[in-house]
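Here is a walk through one protein model.

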Amino acid sequence: MINSINVNHTSQTYANIAKAHTANGSINQSMIKALAGKIEEAAGVSKASEVSTQEMTMEEYKEYIADKISRLPVDPSQALSSTAVHISEKGFEAMKNDPEYEKWVMDTLEYDFAFHDPWCNRCGGAYAVHYFGESKETYRGMGWYKGYQNGKGEELFNDKAKDSFWSRRAKKNSQIEQQNKKHLEKQRLQKAAYEKAVFEARMMTPAVGTTSTGTSAVSVAVSVAVTSASAAISSYESGFGIME
């Protein structure tokens, strides 16, 4: 019986090879062949990851940086955010030759992407542009919301994002927009149903302000309004499938 702790994909593969031996000592050849392919694949990935940035061409290095930026996590509050990154040629050279500077650039972007922005989605979107040069001192960054300059926020971003090295543009979040519209319509229906019920209740109750049972006319109106409003909202939600 073989006991092992699989700490990564490679050790898992070797454990599977050991299991390919049957109880009588024979070997499952087809399983061995398949697992051998996985080992070669894993070894290839490992070797590729060990390649120094110093050994890369500038084009390879740019692809490497673009991939690293694309893998940075983005906070959910920035679902409607768009970001552009400009890196000058001297900036790339400095990053390639100085691992500490490359780390600083990546840390700057990681912090920005992970920042919790409660206003981004509420404002319909946010925009950020980063400029990196050959040193920390040459860095410039700016950000704004969609309503900036009388609603020209997106237009301004499109202009500043031109020829950027890397960019992420928020897709039109139609689901969020649709939910917002439904929420507003739900509130409108609720208010209209309430006002209508109160008006009708007041018209139907005695002028002295009480019903024949002594119940306040206003209380009756409120009770009827709530019931009517609830019915209206239920009908609306069943027809349009509102999700809270």
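Which ring does the charged end of R122 sit over? The ring is that of W119, with its centre 5.5 Å away. R168 lies over the face of F113, 4.9 Å from the ring centre. A charge counts as over a ring if NZ of Lys or CZ of Arg is within 6 Å of the ring centre and within 35 degrees of the ring normal.

The model is predicted: local features need pLDDT of at least 70, side-chain atom pairs count only at pLDDT 80 or more, and totals for chains, interfaces and linings use all residues. Residues are numbered from 1 along each chain as its sequence is written, and side-chain values use heavy atoms, leaving out hydrogens and water.

The largest nonpolar core has 17 residues. Such a core is a set of buried (under 20% relative accessible area, 1.4 Å probe, protein chains only) Ala, Val, Leu, Ile, Met, Phe, Trp, Tyr and Cys residues joined through side-chain atoms within 4.5 Å. I65, I69, I87, M95, L109 and F132 touch the most other members. At least two residues each come from α3 (58–70), β1 (81–87), α4 (89–97) and α5 (99–114). The top contributor is α5, with 5 residues. Helices (H or I, at least four residues) and strands (E, at least two) are DSSP runs, numbered from the N terminus. A separate core of 8 residues includes A84, V129, W144 and F157.

F132 also belongs to one aromatic cluster with Y101, W104 and Y139.

Key. Buried < 20%, exposed > 50% of the residue type's maximum accessible area, 1.4 Å probe, protein only. Phe/Tyr/Trp six-rings, centres within 6.5 Å; stacked < 30°, edge-to-face > 60°.
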